[in-house]
Amino acid sequence: MHTTSLKLFQGIGRYGVLLALVALILFGWLRYENFLGAFNVLSVLRYNSMFALVALGMCFVIITGGIDLSVGSTAAFGSVVAALLSPYGVIPGLLGGLAAGLAVGACNAFIITRLNILPFIATLATMLAANGCALLLADNQSVSVSYETGFIELGQGDFLGFPIPAWIALVAYLLASIVLNFTSFGRTVLAIGGNEDAARLMGLPAQRVKALVYLASGGLAGLAGVILAAQFGAGQPIEGVGWELFAIAAVVVGGTLLTGGVGSVGSTLAGVLLLGLIFNILNFENGLGWISLSAYWQSVIRGAFLLLVVAIQARLSMRTEETA
Amino acid sequence: MAPLLSMHGIDKRFAGIPALRSAELVVEKGEVHALIGQNGAGKSTMIKILTGYYRKGAGEVLFDDRPVAFSSPQEAQRAGISTIYQEINLVPYRSVTENICLGREKRRFGLLDWSAMHTEARALLARFNIDIDVRRPLMVYPTAIQQMVAIARAIGFEAKLVIMDEPTSSLDEREVEVLFEVIRQLKASGVSVIFVSHKLDELYAVCDRVTIMRDGRTVQVAPMADLSRLDLVTSMLGRELSQVLHEGHDTGEDDTREPVLQVRNLAMGRKVRDVSFEVRPGEIVGLAGLLGAGRTESVRAVFGADRPDSGTIAFDGRENAISAPSDAIRAGMGFCSEDRKLEGIIPDMSVRENLTLALMPQLARRGIVNEARSREIVDSFIKRLGIRCSGPEQRIRELSGGNQQKVLLARWLCMNPKLLILDEPTRGIDVGAKAEILGLIRELAGQGLGVLMISSELEEVVEAASRIFVLRDGRTAAELEGDAVNEQSVMTAMAHGHDGARETADV
Amino acid sequence: MSDTATTLPPTQGASRFDLRTILTRHGAWIALALLILVNLAITPNFATWQTLNVNLTQVCAIVIVAVGMTLVIATGGIDLSVGALMAIAGALAPLIFLGKLFPLPHPAVGIALAFVVPVLVAAALGWFNGWLITRLRIQPIIATLVLFIAGRGIAQVFTNGNLQVFNLPSFQFIGLGRVFGIPFQAILMIVVVVAAAWMLRHTVFGRQILAIGGNEKAARLSGIPVASVKQRVYLISGFLSGIAGLIVIARNSAADANLVGLGMELDAIAAVAVGGTLLTGGRATVIGTLVGALIIQLVRYTLLANGVPDAAALVAKAAIIVLAVWLQRQSHR
């Protein structure tokens, strides 16, 4: 492949999403009052931290060339377990949600690496199973969390003036970034996505790393579920529908190749914020009173945005191929 | 001194079919050991059992005086066995350094130490006289460099045994020399090498001893110097090699015929700059050149698989009328790709469906396939080409490489083409099937078919072709005809271009 | 798969009658038969006309969509947008026959248009998916993700998220009508299944679909018009989704853009997988897809009829999918 265009391609893949994010923020700042006010910024961060966690797991999974469709219902399952355990305190609630997520992740890991079933279909199945488990545990309705133990602080509280869920997401992203760039585990994740057969023949523990990636994705989804329960004061067995596809969209918008082998943690975060801000801006726009777009436009705009990004990516990669 | 590796009585079955029957392989310390045999003889299976890719059915493996049964390539690597596979098995998106160092990363404070790893990668590559930016993704470098990276990786593991499975298939002669130098270095430092290759010259150049396999058994083990080439081939095939090669070039009389294909000043991207050649009906034309000379790229453009930047391609009297493979096929061309598995067969489909893939639209009326007619055609081709299969409905993936290739040839022959383009038609095919296929190609040309053939095996092109165009760095460097069609002049043209070829032709 | 085919010795087409071969080759049929037997034994009133009707009507829309999905998967692709396209078709039809989009000269015209326009729109959107995939070379999963996300939103915007209730027997015939006592939608389903199965087996188009899924590069080099075949396949998938959308709203006497076709892509993929179609493309069975959908439906029915909560049926469904695909892998070794 031609070098300069390759660099250009990677450059746009890496920085394009950041540029778009900056442009969107500038647009909002110039157009709306209070757009960059503390209240709006913090609530956007608070709300999107759940998606950020889910997208982070998805990012790792996609880098290995896989996909995890179960994250949405895993989050819902996690929120139910966390809500049920919240009367016993913050820690049991947190750990319970996490454990629920890890359990689903472990199922995924087993089915994909031991039974050798395509990730797409394996996680499709666990998505149904997690959904079923959540509904069973919650008895088909939402489960209130306990307001006495301080569990809701996990979703609604602040630490040093910054929302706790945003702290959790921030720490997760920092750790993930270090893991991906500076550990052999991280490099193996990238190698598997680039060429799994080669990675295995190179003697890299491909199966184990893949298993860990799905486990991590499940755990992060469980954590997102904990925040979900804490933020809305209830475990939501039917929440999380479509989260997986939102997460995939965020990862792709962030420039991670769906074929695997290329990807970055930072641009995934940018992708999440970008998609989140679209909703935020829609609200502000409606608030101005010039137009009145219903909330339904949100998904239309997100879809259009995804289309734009993948079309640009496709154009760029086609050009790189041609000059090869 | 005990041998470094001894494998005894190894059995292995796939779905009940024996692939290895009590096979043996003994490698001494510090020797270069050749492992040869036809396709399906069991070499690869043997290696994959040793490296833990497969589990053996029965038998004993002793490595470094200890019985071993590796359960993964990783374990084998840790024990000191490094493998370089035939297809380059590296990760194209990742940097050269990562491709060399993954699996034994250097760490500082628990995190990866990139600068130390870059230094090591550079040092390893320096042994091959390669000086490249090791931070860039592997895919930006040419195939030969990638192959060297694979070897550097294997050596970097401080292996006691390095297995090379056809390591030279993508290297040019100069690079092969460098590789041999490295193999000699390894040997001098006490490392053993298992060298798998189909190229006899290479075996004699570097190997000390040879193990010959046939039908899953070890049939002969001997010092390389004690065996002649004929012995080697005889032992491999299990029969006397007769009339395989050596047939005259029939040229001259057809020179006045209008070419069926005429390519002028073809240019495409960076690989094809100025390529011209032509093929007359009934003629086998060879397209020779080193790897990366632009042979495959040129013929793909002719077939409409890739779009050229400039130049003219006249086929059957019409200029530049082809913009997709379907156009080429309609006009009367057939093309067998160099990669049978990736671009030729449809593994899950039957012999019949693979054979009639291109013909299908013509076999149909109003879009409905005429099965009876298709079966008739397939039966006739199975007979005519001697395709060995259990029947037209057998899945093609179950056939041997040579028989798969015959099916692919038949895919085009049943269309009655005017021109057949064959890119490496005998790659990965055992010697017997090779001779059959070359014989078939000659027969077809005798019936008036124009054949354009690419082959990296020089003697093959020289034997088969009546005219050879030599490409060099994306340009036609020489056109050789008549007496000039010999290995010496082709090689000279590959190395020096047209003037060199003329010199030798004059001599 | 990790092992390279070249290193394997040529295996003969061994057809040994061991349990595994039988299970992997005819697993779906055996499972269906077992399910029916079990139900005959334990479920009260199983062998009744009504049970058959209930199960058939539950499964029709899924099967029709899954047939399109089978073709898409046979080419090595996937179509996540089917549910969203159902929602769009389902939202459009009432808007048309209720005259909300444009004034109708005659009610019959409205009903005719309500059949034709939504299905054509869904087909056009399917074609758009194909266009993204073949012209812009976007991976199917991403290309169809676009309409998965945006499509339902479009349907909701059309209807402003409102439920559209109606009572129009001539339109609802597609979901509620009967011919000789057989639900019309079941007849439609059988016609679609038979036509697709025949097409896949006996037409050039069908064989080309499988050739592309089996080895796209080889197919292209053999002169198969890969892009146009794929586009037609996605168009068919969109078209069938449109029909399924109409069936669902006709059955419910109401169109709810939030719910029509929700989760359908997963149901359809599950039916295809359980039916024995290779998810990587190249091998497909439309009849198998029908059987797969019936199995999933029957398991759910069995559990519900025997007092197991619906949520547990989801877990069972997950297990069936994994088991089916695992068995398929065993046979493909």
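# A tour of the predicted model, chain by chain

Begin by colouring chain B by domain, since this chain is divided into domain 1 (5–237) and domain 2 (261–346 + 416–506), with bounds that come from an automatic or database domain assignment. The C-alpha centres of domain 1 of chain B and domain 2 of chain B lie 32 Å apart.

Before going further, note that this is a predicted model, in which local features need pLDDT of at least 70 and side-chain atom pairs count only at pLDDT 80 or more, while totals for chains, interfaces and linings use all residues. Residues are numbered from 1 along each chain as its sequence is written, and chains are lettered from A and ligands numbered from 1 in the order in which they are written.

**Stop 1: helix α5 of chain B**

Select residues 143–156 of chain B, the helix α5 that holds B:Val149; helices (H or I, at least four residues) and strands (E, at least two) are DSSP runs, numbered from the N terminus. At 1.5 Å a residue, the 14 residues of α5(B) should span 20 Å, and the end C-alpha atoms are 20 Å apart, in agreement; the expected span is 1.5 Å times one less than the number of residues in the helix.

Is α5(B) mostly covered or mostly open? It is mostly covered, with 10 of its 14 residues buried, where a residue is buried if 20 or more other C-beta atoms lie within 10 Å of its own, exposed if 12 or fewer, and partly exposed in between, the C-beta atoms being placed from the backbone. Among the buried residues of α5(B) are B:Gln147, B:Met148, B:Val149 and B:Arg153.

Now centre on B:Val149, which is buried because 25 other C-beta atoms lie within 10 Å. Leaving aside neighbours within four places in sequence, B:Val149 is in contact with B:Leu90, B:Val96, B:Asn99, B:Ile100 and B:Leu138, two residues being in contact if their C-beta atoms, placed from the backbone, lie within 7 Å. Just after α5(B), B:Glu158 takes a positive phi of about 55°.

**Stop 2: further along chain B**

Most residues other than glycine have a negative phi. B:Arg366, although not a glycine, has a positive phi of about 50°, and this residue is found in the loop between β19 (364–365) and β20 (368–369) of chain B. B:Arg366 is exposed, with 6 other C-beta atoms within 10 Å.

Next select helix α17 (residues 458–464) of chain B, where B:Glu463 lies. B:Glu463 counts as buried, with 21 C-beta neighbours inside 10 Å. B:Glu463 and B:Val369 are 94 residues apart in sequence and 41 Å apart in space, C-alpha to C-alpha.

**Stop 3: chain C as a whole**

Hide the other chains and show chain C, which has 13 helices and 4 strands. The radius of gyration of chain C is 21 Å, close to the 20 Å that the globule rule gives for 333 residues, so chain C is as compact as a globular protein of that length; the radius is taken over C-alpha atoms, and the rule is 2.2 Å times the number of residues to the power 0.38. Along the principal axes, the C-alpha atoms of chain C fill a box of roughly 70 × 55 × 35 Å. Of the 333 residues of chain C, 53% count as buried.

Within this chain, zoom to C:Ser253, in the loop between α10 (226–252) and β4 (254–255) of chain C. Phi of C:Ser253 is near 55°, a positive value in a residue other than glycine, and C:Ser253 is partly exposed, with 16 other C-beta atoms within 10 Å.

**Stop 4: where chain A meets chain C**

Bring back chain A: the contact takes 40 residues from chain A and 37 residues from chain C. On the side of chain A that touches chain C, the largest share, 13 residues, comes from α13(A).

**Last stop: the nonpolar core**

The largest nonpolar core has 378 residues, and those with the most contacts inside it are A:Val54 and C:Ile321; such a core is a set of buried Ala, Val, Leu, Ile, Met, Phe, Trp, Tyr and Cys residues joined through C-beta atoms within 7 Å. Domain 1 (5–237) and domain 2 (261–346 + 416–506) of chain B both give residues to this core, so it lies between them. Finish on C:Ile321, which, not counting residues up to four places away in sequence, touches A:Ile121, A:Leu124, A:Ala125, C:Ala270, C:Ala273 and C:Val274.
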